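Have a look at the model first, and then we'll go through it piece by piece.

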Amino acid sequence: MNIDWAALGTVFGVSLVATVGLVGLFTLGIVSLARRSAPDGAGSTAPAPAARAGAYACFALCAAAVAYGIHLIVG
């Protein structure tokens, strides 16, 4: 039995970078949703529209990466 150590290292490196990237992107989305705009006179503390849009974009990119991974596994 021969192990291709270079290929194993490549798979490990790509998996590590992809995992850290996805976790970081998802964390950025959570932080964006948690960031509140300054309360106005009505007492609203909802996230700013730009922060909410950025958070949804982060979540959409995470979902796309997961869907692409499933596509690679199944296809």
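## Surface and overall make-up

Accessible areas here come from the Shrake-Rupley method with a 1.4 Å probe, and for residues only the protein chains shown count as cover. On that basis the protein has about 5700 Å² of accessible surface, with 74% of it belonging to carbon and sulfur atoms. Buried residues (under 20% relative accessible area) make up 9% of the 75 residues.

This is a predicted model, so local features need pLDDT of at least 70, side-chain atom pairs count only at pLDDT 80 or more, and totals for chains, interfaces and linings use all residues. Residues are numbered from 1 along each chain as its sequence is written, and side-chain values use heavy atoms, with hydrogens and water left out.

## The two helices

The secondary structure comes to two helices and zero strands, taken as DSSP runs numbered from the N terminus (helices: H or I, at least four residues; strands: E, at least two). Helix α1 covers residues 5-34 and helix α2 residues 49-74; they pack at about 155 degrees with axes 8 Å apart. Those axes are lines fitted to C-alpha atoms over the stretch in contact, and angles run from 0 to 180 degrees between N-to-C directions. That makes α1 roughly antiparallel to α2, a label for angles over 145 degrees.

On the α1 side, the contact (heavy atoms within 4.5 Å) includes Leu22, Leu25, Phe26 and Ile30, while α2 brings in residues including Ala55, Tyr56, Phe59 and Leu61. By class, the contact has 14 nonpolar, two polar and one charged residues. Nonpolar means Ala, Val, Leu, Ile, Met, Phe, Trp, Tyr, Cys and Pro, charged means Asp, Glu, Lys and Arg, and the others, Gly among them, are polar.

## Arg35 in the loop

Arg35 sits in the loop between α1 and α2. Is Arg35 buried or exposed? Arg35 is exposed, at 55% relative accessible area, the cut-off being over 50%.

Leaving aside residues up to four places away in sequence, Arg35 touches Pro47 and Ala48. The C-alpha atoms of Arg35 and Ala46 are separated by 8.4 Å, with the two residues 11 apart along the chain.

Definitions and conventions: Angles under 35 degrees count as roughly parallel, over 145 as roughly antiparallel, 65 to 115 as roughly perpendicular and the rest as oblique. Buried means under 20% relative accessible area, exposed over 50%, partly exposed in between (1.4 Å probe, protein chains only).
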